[in-house]
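The sequence and the structure are shown first.

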Amino acid sequence: MTSNHPQHSGRREPEAGSRPRAIVRSPSPAIERGALTFLERRPIDFELARRQHASYVKALADAGLEVQILAPDPDLPDAVFVEDTAII
């Protein structure tokens with residue numbers, strides 16, 4: 001018997017017309033206070049970090065993702081990339 005259904009991969013396919021979503025947070029000047037575990041602390045060029053982050057966001061959008069940008073949060077200096085899984 002042949003099935004027309006793809007094998008279950010553990011991933012849910014996006015609904016027709018929807019795009020995968022990336023959630024990012026704009027850098028905050030507080031990024032200087034980010035945690036470091038294995039690198040020596042060096043000054044961070046905040047303007048360069050903002051430009052690099054903008055390029056990252058553009059790359060995500062160019063790859064077809066819907067990009068949701070959260071406002072900077074000085075209380076979360078490491079939260080430039082939203083890495084935790086969420087169910088929306």
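## Basis of the description

This is a predicted model, in which local features need pLDDT of at least 70 and side-chain atom pairs count only at pLDDT 80 or more, while totals for chains, interfaces and linings use all residues. Residues are numbered from 1 along each chain as its sequence is written, and side-chain values use heavy atoms, with hydrogens and water left out.

## The chain as a whole

Helices (H or I, at least four residues) and strands (E, at least two) are DSSP runs, numbered from the N terminus.

Of the 88 residues in the protein chain, 17% are buried (under 20% relative accessible area, with exposed meaning over 50%, for a 1.4 Å probe and protein chains only).

## Helix H1

Helix H1 spans residues 46-62, 17 residues in total, and reaches 24 Å from its first C-alpha to its last. This is close to the 24 Å expected at 1.5 Å a residue, the expected span being 1.5 Å times one less than the number of residues. At the start of H1, a side-chain oxygen of Asp 45 comes to within 3.2 Å of the backbone nitrogen of Glu 47. After H1 comes Gly 64, with a positive phi near 100°.

The buried residues of H1 are Ala 49, His 53, Val 57 and Leu 60. They lie on the same side of H1 because they cover an arc of only 75° around the axis, taken from the directions from the helix axis to the C-beta atoms. Strand E1 (21-25) and strand E2 (66-70) are included in what covers them. The face turned away from this buried side carries the exposed residues Arg 51, Gln 52, Lys 58 and Asp 62.

Technical notes. Contact means heavy atoms within 4.5 Å. A polar contact is a pair of N or O atoms within 3.5 Å; within protein, one must be able to donate a hydrogen and the other to accept it, and residues adjacent in sequence count only if both atoms are side-chain atoms.
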